[in-house]
Amino acid sequence: MNDHIKNYMAWWLAKEKLRKNSKTPVKITLAGIKLSVIPQAFLPAPLQTHSTPLLIKNISHHNFAGKKVLDIGTGSGVLAIYAALNGASLIIATDIDDQILHYAKHNAYLNQITDIHFMNSNLFESVEGKYNYIFANGPISPEAWSEESLSGHTISSYGETLFSLYRNYLTDDGLMFMTFAEFGPVEAFYKTLQKYSVIHKEKREEKFGIWWSFHEISK
């Protein structure tokens, strides 16, 4: 792990510790979406991370009108809300924590969205049907996400499950969107993509002294 990664992770973890100790939601606006993010949920703030901002930037040309969308690990709900604001006809947003789901629903209401279906599911466990778009912007760093917080998954097993099953839930012309970053298990990530013959387009950007990658994945 190089110094840039170490410095970023130390800084990010310190920020997260302060946020969790405060036990109060953080209010931010991202892509025009108002969010109140509880300590248990990932904070997609551009001043702290580049994963969610990078993803939103790279999906802006896609037409969500009338499309079916699945948001795995919705967290704050920002991506599900984005899909709703852009005309998606059916949106399923999942997480493994009922309190996180409750506050994600609250964030939807903040943005005058009432038709997202929030449900408890560990990855695809409780999901049915096929979707035009899947958001799978999940955990990246084992330092930041414990097995307990991932319902028994490691970062690697999360990726194994995701890439082995996602095709079952995409329409033939559907796409899955996710991000990765230099502080994750890079070698394991790309080996897993190769293992499951994942067809993907990748775009990288540097921020906070490290690279972040956006992945558009097809069936």
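**Exercise 1.** List what Leu162 touches, not counting residues up to four places away in sequence.

*Solution.* Contact means heavy atoms within 4.5 Å. By that rule Leu162 touches Ile72, Leu123, Phe124, Ala136, Met176 and Met178. Leu162 is also among the residues with the most contacts inside the largest nonpolar core, together with Ile116 and Phe163. That core has 70 residues. A nonpolar core is a set of buried Ala, Val, Leu, Ile, Met, Phe, Trp, Tyr and Cys residues joined through side-chain atoms within 4.5 Å.

The model is predicted: local features need pLDDT of at least 70, side-chain atom pairs count only at pLDDT 80 or more, and totals for chains, interfaces and linings use all residues. Residues are numbered from 1 along each chain as its sequence is written, and side-chain values use heavy atoms, with hydrogens and water left out.

**Exercise 2.** Decide whether Leu123 is buried or exposed.

*Solution.* Buried means under 20% relative accessible area, exposed over 50%, partly exposed in between (1.4 Å probe, protein chains only). Leu123 has 4% relative accessibility, so Leu123 counts as buried. Its phi is near 55°, a positive value in a residue other than glycine.

**Exercise 3.** Describe the surroundings of Ser121.

*Solution.* Ser121 counts as buried because its relative accessibility is 2%. Its side chain reaches the backbone nitrogen of Glu125 at 3.4 Å. Not counting residues up to four places away in sequence, Ser121 touches Thr94, Asp95, Ile96, Ser126 and Val127.

Technical notes: A polar contact is a pair of N or O atoms within 3.5 Å; within protein, one must be able to donate a hydrogen and the other to accept it, and residues adjacent in sequence count only if both atoms are side-chain atoms.
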